[in-house]
Every structure is written in C-alpha cells, then in structure tokens.
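I opened this entry to keep track of what I looked up. The notes follow the order in which I went through the model.

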Amino acid sequence: MPSQKLSISLKLIIVILVTGATSLGISLLLGTIKLDYLLGIQQPKSENQKASQDKAMIGAAQAVFSTQITQVPNKFQGTVIYQGKLKPNEKVIALTFDDGPSPKNTAQILEILQKNKIKATFFMIGQMVKYFPQVAKQVVADGEVIGNHTWHHSYRHMNVVTAASEINTTADIIYQTTGVKTTLFRPPGGFLNNGLADYAKSQKYTVIMWSEVVGDAERPLPQVPKMVKNVLKNAKPGAIVLMHDGGGNRSRTVQALPEIIDGLKAQGYRFVTIPELLEIQAQEKNLVTPVSPVVTNHEYPNNQLHH
C-alpha cells in the first residue's frame, strides 16, 4: 500500500513537472513569436498582412528619421530667421528652394545636389505635393529637408481660421505623402503681416526667410550669369539663399545651380540644411553682428502663382 501511494505521488509529480515545462515552453514560444513578429522576423500569415506590416514599419522608421532632419533647437521655435548668425570663419551656406515639388525642375535640381553630395531645404506648396507626390517622396529619399509653404501660395490677409487651414492642410499632406512632420515654415512672398506667419509662430514653427536671392522670381527674369553673380557676390557665413524649383519655368535656375555651387565651393563654403544651420548657430558663442536682411517681398507682382 505505501508503495502504491508512492507510485501515485511520483506520477502526480511527473504530471505537474511535465505540465509546467509544457506551459513554460508554450509561454516562451509565444513570447518568441511575439518578439519575432515585432522585430519583423516572423512572417505574417498572408501577403496582405505582410504588406501592411512592412508599410507600418517603413512609416515608423521614416517618421523617426524625418523628425530628426527637420528638428531645430528649441530656442528657434516661434521665431523668424533671416540668416544664420555665425562667426566670420564659419563658412557655411544654406540653399533653399520654394514652390515645388515640380516633376521636371525639382528632379533636375535633386540630380545636381546628389552629384555634388550636398543637401538643401525645399519649401513645398501643399497643392503641388498633391499633384506630384512621387517627386515629394524623392526629395525625402534623397535626404533633403522639407518645409511648409502653405497650400495655395496666397499673399492676401487671412484670419486665423484661413491661415490655420493653409498651413495645417499642407502639413497634413506632407506627412501623409512623405512621413515628414516639418517644423519649418516660409511665408509666400516673404509677407510676415498677413496672418500666416503669426499662426505659424503660434504653432511653434520656425519661420524661415532669406538673406540673399538668386533672382529667379524677378521680372524680367535675369540671365544665368546674373543669377550666379547675385549669389556669389553676396555670399556670407550663415547666408540663406532663396531659389525656386516650382512656380514657373525654372530652367535658368537649373542652369545656374551648378555654377553657383562650384563658385561657393571655390570661396570655401560648405552646404547645410536649415536645421543644420540653426544647430551650428545654437552652438556658437561669439556671434557676428547681424546684417540687415535682404528680403524682396512681392515675388510675383501680379499676386499669382505661375505654373
């Protein structure tokens, strides 16, 4: 009888151990499956699930990267910037392009930037992102920085609701198309008192103006040599150069860009994006005295966007 009781006890112990081991094994297995799935190691059950998972992972990674490339130091949030305030020997310059994306001009400019291994900042119009989403995606894929340039590129005075719509709708389509959440804003025409800049500042955007122009928004349009000269003669450490990749025929801008880049390199300049420029300024201690901004309002005298 004692032997029978012992046998039963041993069986119970064995059952408990086996059950525990099995439960532990299942838990570990489930944990591993869950971890593998989160890491993208475990394959989803269907192609649709796989595509959905891949899209989510790419979107998350892209959003993190984009936030990094568009983030600026907190001290510049809600402020207006005409140029970087840098030491005289800090020879950096920022090229910026407005009114795109456009299928021909933007693509050609991206090719030139890639060839020269430099980055720039593109202030995009919301409706242009809607029309040419693949071009906007290419800008991000190439490592360039995107800024908000409103939906319609209108100069008229706006109340808060209208200004919010212009900026927020553009921010939404930029994010939906590229994954970028930009904190940079450039007011069309450089107008700071029509309601747009005030709303942008209230939303902690950094309002980016410019300190020199290539001249591709002037009427009559200057020839290529004059465009090149406009930039090279006014180049200063921390300068922000206004150019255009949209809003009309920008073939002269495209032609002038390689010469501008070569000329600035010959002067010892290196090229940075707007976030990089502001990061350099934030780290400077003995800054140069800021010069009067060179800003040309009324880029388009007839108040219309030229496509």
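**Entry 1: cis peptide bonds**

I began with proline 101, which I placed in the loop between β2 and α3. The model is a predicted one. A cis peptide bond joins glycine 100 to proline 101, and I read omega there as about 5 degrees. I then went to proline 220, in the loop between β7 and α8. Its bond to arginine 219 is also cis, with omega about 0 degrees. I noted both because most peptide bonds are trans.

**Entry 2: the loop between β4 and α6**

Threonine 150 has phi near 70 degrees, and its place is in the loop between β4 and α6.

I found histidine 153 buried, with a relative accessible area of 3%.

I stayed in this loop for serine 154, with β4 spanning 145–148 and α6 spanning 160–178. The relative accessible area of serine 154 is 19%. The cut-off for buried is under 20%, so serine 154 counts as buried. Its side chain reaches the backbone nitrogen of arginine 156 at 3.3 Å. Which residues does serine 154 contact, leaving aside neighbours within four places in sequence? I listed Pro188, Asn194 and Leu196.

**Entry 3: helix α8**

I took α8 as residues 224–234 and asked which of its residues are buried. They are Val224, Met227, Val228, Asn230 and Val231. Seen down the helix axis, the buried residues of α8 fall within an arc of 155 degrees, so they line one face. On the other side of α8 I found Pro225, Lys229 and Lys233 exposed. What do the buried residues of α8 pack against? I recorded β7 (212–213), β8 (239–244) and α9 (251–266).

**Entry 4: nonpolar cores**

The largest nonpolar core has 37 residues. Those with the most contacts inside this core are Leu95, Phe97, Phe122 and Leu264. Elements giving two or more residues to it include β2 (92–100), α3 (105–116), β3 (121–124) and α5 (133–141). The helices α6, α8 and α9 and the strand β8 are also among those elements. Which element gives the most to this core? I found that α9 does, with 6 residues.

I followed up leucine 264, leaving aside its neighbours within four places in sequence. Leucine 264 is in contact with Ile93, Leu95, Val231, Leu232, Ala235, Tyr269 and Phe271. Val231 is one of the buried residues of α8.

I also found a second, separate core of 20 residues. Val72, Val145, Met209 and Leu277 are included in this second core.

**Entry 5: whole protein**

The protein has 10 helices and 9 strands. Of its 307 residues, 46% are buried. I took the contacts between residues at least 6 apart in sequence, and 79% of these join residues at least 24 apart. The accessible surface of the protein is about 15900 Å², with 57% of it belonging to carbon and sulfur atoms.

Technical notes: Residues are numbered from 1 along each chain as its sequence is written. This is a predicted model: local features need pLDDT of at least 70, side-chain atom pairs count only at pLDDT 80 or more; totals for chains, interfaces and linings use all residues. Side-chain values use heavy atoms; hydrogens and water are left out. Helices (H or I, at least four residues) and strands (E, at least two) are DSSP runs, numbered from the N terminus. Buried means under 20% relative accessible area, exposed over 50%, partly exposed in between (1.4 Å probe, protein chains only). A polar contact is a pair of N or O atoms within 3.5 Å; within protein, one must be able to donate a hydrogen and the other to accept it, and residues adjacent in sequence count only if both atoms are side-chain atoms. Contact means heavy atoms within 4.5 Å. Accessible areas come from the Shrake-Rupley method with a 1.4 Å probe; for residues, only the protein chains shown count as cover. The arc is that of the directions from the helix axis to the C-beta atoms. A nonpolar core is a set of buried Ala, Val, Leu, Ile, Met, Phe, Trp, Tyr and Cys residues joined through side-chain atoms within 4.5 Å.
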